[in-house]
Amino acid sequence: RYEPLLSEKADREVEIEDSPLPDELTRDSLSLPDPAEPELARHYTRLSQMNYGVENGPFPLGSCTMKYNPSFTETVAARDDAAVHPDRPESTIQGTLALCHRLQDYLGRIGGMDAVTLQPPAGAAGEFTGIQIAKAYHRHNDDERSEVVIPDSAHGTNFATAAMAGYEVVELPSDDDGRVDVDALSAAVGEETAALMLTNPNTLGLFERDIEEIADIVHDAGGLLYYDGANLNALLGRARPGDMGFDVMHYNVHKTFATPHGGGGPGAGPVGVTEELAKFLPDPHVREVSSGYEHYTPEHSIGKVHGYYGNWPVLVKAFAYIARLGDDGLADASAKAVLNANYLAEQISYDVPFGPFHHEFVASAAPQDAADAAKRMLDHGVHPPTTKWPEIVDEALMTEPTEAESKRSLDQLAAAFDAVAEEDDATLASAPERPAAKRIDQVVAAREPRLSWQALGE
Amino acid sequence: RYEPLLSEKADREVEIEDSPLPDELTRDSLSLPDPAEPELARHYTRLSQMNYGVENGPFPLGSCTMKYNPSFTETVAARDDAAVHPDRPESTIQGTLALCHRLQDYLGRIGGMDAVTLQPPAGAAGEFTGIQIAKAYHRHNDDERSEVVIPDSAHGTNFATAAMAGYEVVELPSDDDGRVDVDALSAAVGEETAALMLTNPNTLGLFERDIEEIADIVHDAGGLLYYDGANLNALLGRARPGDMGFDVMHYNVHKTFATPHGGGGPGAGPVGVTEELAKFLPDPHVREVSSGYEHYTPEHSIGKVHGYYGNWPVLVKAFAYIARLGDDGLADASAKAVLNANYLAEQISYDVPFGPFHHEFVASAAPQDAADAAKRMLDHGVHPPTTKWPEIVDEALMTEPTEAESKRSLDQLAAAFDAVAEEDDATLASAPERPAAKRIDQVVAAREPRLSWQALGE
Amino acid sequence: MSESDESTTGSPYAPQTPSETAAMLSAVGADDVESLFDVPESVAFDGEFGIESRSERETRREAARLLKRNDDLTEFLGRGHYAHYVPAVVDDLSSRSEFLTSYTQYQPEVAQGFLQALFEFQSMLVELTGLDVANCSMYDDATALGEAATLSQRIRSISGDRVLVPERLRDGKRAVLENYADGPGLSIESYPMADGQVDIDALAESADEDVAMVYAETPTVRGVVAERLGDVGEVADDSDALFCLGSDPVALALLERPADVGADVVVGDAASLGTGTAFGFGLGMFVTREEFLRQVPGRLVGASEDAAGRRAYTLTLQTREQHIRKERATSNICTNQAWVALRTAIHAAWLGPQGLVDLAEDCVTRPRDLAARLDEVVGVQAPIHDGHHFREFVAHTDQPARAIVEDLAARGFAVHAVGEHLIQVCATEVTAESEEAFIEAVAEVAG
Amino acid sequence: MSESDESTTGSPYAPQTPSETAAMLSAVGADDVESLFDVPESVAFDGEFGIESRSERETRREAARLLKRNDDLTEFLGRGHYAHYVPAVVDDLSSRSEFLTSYTQYQPEVAQGFLQALFEFQSMLVELTGLDVANCSMYDDATALGEAATLSQRIRSISGDRVLVPERLRDGKRAVLENYADGPGLSIESYPMADGQVDIDALAESADEDVAMVYAETPTVRGVVAERLGDVGEVADDSDALFCLGSDPVALALLERPADVGADVVVGDAASLGTGTAFGFGLGMFVTREEFLRQVPGRLVGASEDAAGRRAYTLTLQTREQHIRKERATSNICTNQAWVALRTAIHAAWLGPQGLVDLAEDCVTRPRDLAARLDEVVGVQAPIHDGHHFREFVAHTDQPARAIVEDLAARGFAVHAVGEHLIQVCATEVTAESEEAFIEAVAEVAG
C-alpha cells in the first residue's frame, strides 16, 4: 500500500499580496498542500493503516513498556476545564494545581520519594533534571565533582545526559551475572563522583540484588544515586527506589503509567527526590497552602527544564491511570508483567541467558542476526523486540511483553519467535515480505539524506 | 486477515447465585465473552480494519449518497448538554427544543415545505410517516382510498411502506426515457389513489421534467404527491419539492446532510408537509411560543412513529452540517455532486443509457454480470456502485460519486471501471482476490442459516 | 480551509478546485455547472434558503449557544430510556471511521468487520433471551413492538386481530404500536394490572381465538419485575397467539430467560448499553424463535464461507427485505441502527458476563434502597408496588406530583410525574453520588 | 469489567485470567507470582501506597471534581502559548490508535504512516523557514533554544561561549536556556531593545569573537514584528556566530522567510497549530541549514527506498543520537513530541496555504484593532510599542497592572501583567466573540 505525499496530491502556491504588513516584512509566497477535508481524512487514515500500534497486536519492545493505553484517560485529558493557559492567575487554576499536587503525591508514594516535580517533558529530560539537581547539590556543598558513573548496560540517554550536563562519563562493566560489578564500582567511584545512574531491574530484567551495598559505596564517596525509572513497571508495590537508597529518580509515565507513546512522544519524566534534595527542584513547584495550592520557587532551585510546566496532558493521563488502578491495580500490573516475561522466556527456543527476570528478558538470536530476525517477525504480524542491545548479550532480542498481553497473545508471540528461529539467514535477510514496505535501505537514507519533499527534487 | 469471534477468544460462564432476587425470578447462568479492555480494543480495531468506509476511498453507491461525514459534527453531537432525557420538563430542555426548531426551519426552507417533523428515525420511517399522513388526510376528508401509485424504478422501501400502511401498490412502468410515463400515470390514478410516491431526480439520475403535469394529474384525482428525498443531494438550491407540487416528503439526513451511515444506520428521516397537512404531523411537534419552545400535539396528529423524538444525535449532526454550509455550501455541494457524476459517466467505457444526469447515473455492465463486475472492482481498492438495480437498465451499475470526490479520485474510479470492463467472465466470477475475504457464498448462508455463534455448533 | 473561510463560498467538503472544475466541465462539454441541472424554469429555485454559512468554529459556537439553554439537571429518569455509564472505549472504537462511515454490508467481502460485530451482537441477544434468532437492529423498542405485532399477521398458525397489551404501557410506545397496527387492521386492547403485575385472571378472561399477540413486559414501565410470566405465556399459548415479551438487555442478564417462560418474541430497547441518555435515541432489539425465521423483519447476519473456504459473514435471507421483495417484504425497514448495535456489543463485551450480572444486581438493590430511604421522607410513600424493582419505582406523594417535579427541577433534579400524586424515580450508578442530595431535596419539597 | 469493579482487585488492563495465571506459573515452575520478584527482603515494600482503586466512572468523576475548581475565564493570554481554533478532524485523525499508541519508528517497515506524516511535517517547516533541515520535534520552544545554543558549541567555525539574547525574553525560556548552557559553560547575556525592536547598535557594540550565538525573535515576546532582522543576521555573521531566530509557524506563513534574513537556526513553538491551550504543552521546532546536518539534535526522517524499489521513509542519521552515540550524541533527547507534530501537520494541511496566510493576517489586524479600541479606554494606552503586532501587544495602565489582572479575573477575563503598569493582551479568533465584553470590562477596571 502506497500513499502519495500530501504535496503530491494537492499542492498550492499562494502569493502574499495586500497584506496588512508592509511588503518588506512579508514573504512573497507560500507553497503548501491544500487538501479539502475529505482528502485530508483519507490521507491520514491511510497513513494510520501503514502504522503498527499497541491496539494492533503485541509490541514487546524491551525497556519501552508498550502497554495498553486506556481510552478513558484520553477523555479525561480532553476535558475543557483541563485546557488552561499557563499564565493565568493561580487563584483561577486551583483545579489544575490540585491535580498536579495529587499526582506529585501519588508518584512520591510509588517511588518512595519525598518530593516530585512534574516539569520534565520526557525521560531524558528527567535525567537531565536529576543530574542538574545532583550538580546543584554538590555545588551547594562547595564540592563540585566531574564524573558520573554509568553501567555499560544502561540506556544511551544516561550517557548523553551526563555529557550534556558537563560531566565525564565513567562506564562501568557488568559482572558475569549481568549486574553491577561491586568491586569495579568501588574502584570507579571517588571524590569526583557526582552520581551513579542505575536502572533497577536493569536492562536485562535483573534486579540489582546488591543495591544496598552499591548505595553505600556511592554515598560513602559523597556521590548521589540516580534511578532511571524506565523499568519501574517491574517493581510496583514490591520495591521502591527511595527505599533502596536512591536520592533522585525519574518516572517514565509513558512506560509505567500507560500514557501513549504517540509514535515517539510526548511522554513525561517527573523527577522524585529525597527531602534533602527538594530545595533544588525545578522552578516552580506546587505546594498546598491554607488557601489552596500555589506555585513557589524552591530555595535553591536549578531553574527550569521546560518553558512552562511540562507535558500537561500526558500528566493528566498518568494521573487518571494511577487513580484508576490504585494500590491493587498497580501491584497486579507488575505481577502480570513479570509473569508474562518469565512465561514468554520459558516458551521460546532462543537462548535466554541470565535471570531470574522481572518484566523483561534478553534472548540471544545468535547465530542469527538479531535485526534480521526482527524483520522476519514482522511477517508474523507481531512487532519484534528491541534488537542488538544491550550489547552484553550477543545478537540481543530484548523482550518486554508487559501485563497487557493475554496468555493467548504470548503463545502467538512465542510461535512467531520459534518460527523465525528455524529459518535460514537468506530468508531473514530478505524479510519482511508482508508489510506494505519491504526492507528499507538505511544506507541510502543516510548517505544521501533527503529530509523533505523539497529535497526529493526529481 | 482473520479475527476469531469474541466468544472464541474469551468466553466465560457466570452462575447466578445469591442475587438480590429470588431464585425463581432469575436465570441460572450467563455465558458471554469476557475480554479485558486491551483484548477488546484489539478485537474491534482488527474488525475495523476489515471494513471499508468513506474515509477509506470512493464509495459510489447509487442512491446512497456516501459523502464525507465532517468530523466536527460528531463533536457537536457529543456535547454533554445535548445528552438529556426525553422526559424532562420542557422548561429545562429549551436548548434541545431550540435546536429542533431550528432544524425544522432549515429543512422546511431547503425542501420548500411549511412544516417538518424530525421524529421518523430513518428514510423508510419517513415514508411510513408520510403515507400515514396522507391516509389521515383522506380519512379526515371522509375519502378513504386504497391505492398508492409507485414508478417501477422507485426504491423498494416505497412499495414496502405502502403495503405496510395497508395500501394496494399500483406499479407504474417508466417510459422509454426512463421517466414517469404521463399517459400511464393518467390511466393509473383515480379515486382510489391515495398518493403517488416519486423520487426526483429518479434513480436513473433523471429529473422528471413533467413534474408539474404529474402533480396536476395526481391532485386532480384527489391524491397527494409524496417525495422520496433519497436523491435530494442533486437539487439543493436549484429546485424544491414543495415548489414542484409535492405535498409530503422525507429527507434522508444521512444522505443529503452528511450524517454518517454507521454501517446501515442510524439515519433520520424528517418529513416535511404543506401547511394543509401540518395538522396531521406526528405527536409531538416543536413550536416557538412567547416563553420559548414547546411540544404540542397537532390537531389531527397521526400519533407517533418513534417511541420518543427520533434519532436525536443524528439530527444534531444534520443541523451542524446545514449550519456550517448554509446557502452557498449547500448549493455548491449539489453543483459538484452533479458535475462529478456527469464527469465520471463521461470517462468510463461502459454504456451509460439515458441522461442528462444529475447526481448519479446508471451504467450497463452488459454483457458482463454487474454483480461480478462489482466484486472485481473491489480488487482495485474502491467500493463498487449499487448493482443490478434499477432493473430498467440491463446489468445496472448505479453510480453516485457525490461531491466529496476530487477529480483525481474520479479518475482513479474511472480507471477501475475501465479495467474491469476489459476483463473476461471467468476473472470476474472469481473476484475478489484482494480483500481479506474472497467471494462469499450467499447460497450456503441462506440455505443453512447460522445466525449466532451458538448456531455454529461444531 | 480556515477559520477565515467565513468569507469563502462553497462546501468545504467538496475537493474540486476551480481549475479541476473547469477541466471537468470541458470534459463533459458544458459551459457551466448550472447548465447540468435539467430543471424546468417554472420549478427552478433561486438558491436563497436564507441559511447563513459559518466556519466550523462558529458552527460549534452556535450549537453551544443553543444547547447551553438546557438546564444542568441530575436526572432520576427512566421509563424506557436509561443512563448507564458508557466506558470511553466504546466511543473510541465505534468512532473509527471504518465503522462509522461505512454502509449497509451489501459487499460483504469489504465489510467483514461490521458483519462480524453484528453477528456477535445477534449472538449476545440469543444468549440473553434463550431464543434462536436476533436481527441486527430495529429503531427502538416501540417500533420493534410494532414489528412484532405485524409479524403475528404473517404467521399461518395465528388468526385474529386483537393485540393485548398491559394497561400500564408507555404512551409513546402504545402510540407507535397503534400506527403499525393501522395498516394490517389490528386492534390494540389493554388488559388490567394488579399491584404492578399482570392480572393473569383478567388477562385469561379477555383472551380468545381472536387474539394475535399478547404483550407483557419485565421489568414493567414502572420498574416492577414481573412474577408470573409463565402464566402469561400460557394464556397466549391457549389462544394460539404470539407471546411477545418486552425487556432490556441489562435485566436479561439476571432475570429468568424469556425462552423459559414461553416467549415467542422478545423486543425492547438495548441502547441502555452503549449509548446512555440521548433524548430517546434507541436501539430496538428483536429476537424470536427459529420457526419464524422467514418472517423476521430487518437485517440478519449469517455465517458462511468464502471461496478460500474460510468462515465469513454476510447479510442473509435478504429475500425478506424491501429492496428485493418490495411490497411483499416483512417490513419496510432499510436503514436501521447498526452502529448503535455495535456500541451495545462493545459495551456488553467490556462488562463481560460478571459485569453485566453485577450491573443488573445493582439495578435491583439501588432502587430498593433508595425507595426505602424516600419512604422515610414525610409526604412520600415508596414504592407503591410490592414486587421487586429494577432501576426504578413509583412513589406516592402527598403533594401533587406536578408540583414535586417543578420544585425538584428548581433544585436541580428531574423525576417523572406519572399520576396526580405519583412520581417515578429511576436510579443507576450514574446518579450514585447524587442520591443523598436528591433525598434531601425531596424532603424539602414533599412535606 | 464493570462499574461494579469497584470491588475487584487487580488491573483491568491485564487480561490474564486466574486459570491462565495458574497455567503460566506452572509453566515457569513458580508457586506464586510473588516468588518471581527477586527483591531482597531488606528493600521489599509492602505494596501499600495508600492509593485508592476506583472504577473508570469514579476516576473520571474524581478528575472532574478536581478540575472543576478551575475558573471559567476567557483568556486574552499569549506570550508563547497560543489558542487557535483546532478543527475536530485533528482530534479524530491523530487519535487513531495506530498513531497514538505506536512507538518511535525503529521498525520503519511497519511505521511508514507515522514516518511519512513526520516527513511531511519536516517539509512544511522547510517551506515556512526557507531553511533545509527540520527535525521532527523537540519538547518546546525553550528546549529547542537550549539545543540551538549547544549546537553552536559543536560547530567548528564557531568559537566563544557568549550567547546573546534579547533583554525582553520570556523568563521561563531564559531559565531553560541557562540550564542547557550550564554543561557546556556558555554565558547567557542580554542585549538591549528599543521600542520593542532589537537595538542593533547596542547589539553590534556588544558583539565580538567570543559570541557563539545571537538570538532574536519575531514576533517578540511582546508581540512586536521585528523589523531589522537582516541587520541582526549581519551582526551574528560578523562575529562568526550562529544566528538563531525564534518564531512561530503561523507568523512564518506571512513574515519574511528566516532564510532571507540570514537565520542559521529557527526555533519556536509549533503547538499553536494543532493543540491549543494546554497549560504550556508545546512542540519545539528546530530547523537549520544543511551544513549543520550532522550536528542536528533530535530525530530526522528521511526518504529512502525499500527492497521493492518503492519510496519509503525511515529515521536516519541515527548515529547522532544517544541510543547509538551515547555520551557523544548531539543531544540526550529520546522521547520527543512526535504526536504533537502529527497534529500540527494535520492542522496546517487543513488550513492550507491560503488558510494559514488568512490566519496570520488575522493575527496582525485583530490585535491592531483591539489595541486601538483599548487605547480609547480611559486609563489605558495601547499599544506601547510603535511597530506592527502579531496576536498580542502591551498596554500601559494607569492603575497597577496587578490590580487590573485581579479585577479582570473577577469579571471572567485573563490578561498578563508584565510590568508595574503594563499589561499584555493577546487576541485570536477564539476570543473574537468576547472582545466587546472584554473592552467593557477593561473600561470598568482601568479608570
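## Interface between chains C and B

About 15,500 Å² is buried between chain C and chain B, and carbon and sulfur atoms give 62% of this area. In chain C, the residues that lose the most area to chain B are Tyr13(C), Phe49(C) and Phe279(C), which together make up 6% of what that side buries. The model is a predicted one.

Counted by residues, the interface has 172 residues of chain C in contact with 189 residues of chain B.

## Salt bridges

Eleven salt bridges are counted between chain C and chain B. A salt bridge links Lys326(C) to Glu171(B), with 3.4 Å between the closest N and O atoms.

## Helix α11 of chain B and helix α1 of chain C

Two packed helices are described by the angle between their axes and the distance between the axes. For helix α11 (residues 312–347) of chain B and helix α1 (residues 18–28) of chain C, the axes come within 9 Å and the crossing angle is roughly 50°. Angles from 65 to 115 degrees count as roughly perpendicular and those under 35 as roughly parallel; α11(B) and α1(C) are therefore oblique to each other. The crossing of α11(B) past α1(C) is left-handed.

On the chain B side, the contact is made by Lys336(B), Leu339(B), Asn340(B), Asn342(B), Tyr343(B), Glu346(B) and Gln347(B) of α11(B). Helix α1(C) contributes Thr21(C), Met24(C), Leu25(C), Ala27(C) and Val28(C). Sorted by class, the contact of α11(B) with α1(C) holds six nonpolar, four polar and two charged residues.

Definitions and conventions. Residues numbered from 1 in each chain as written. Chains lettered and ligands numbered in written order. Predicted model: local features only at pLDDT ≥ 70, side-chain atom pairs only at ≥ 80, totals over all residues. Heavy atoms only, no water. Axes fitted to C-alpha atoms, helices over the stretch in contact; angles between N-to-C directions. Helix = DSSP H or I, 4+ residues; strand = E, 2+ residues; numbered from the N terminus. Parallel < 35°, antiparallel > 145°, perpendicular 65-115°, else oblique. Left-handed = near helix turned anticlockwise from the far one by under 90°. Contact = heavy atoms within 4.5 Å. Nonpolar A, V, L, I, M, F, W, Y, C, P; charged D, E, K, R; others polar. Buried area = accessible area lost by both parts, 1.4 Å probe. Salt bridge = Lys/Arg side-chain N within 4 Å of Asp/Glu carboxyl O.
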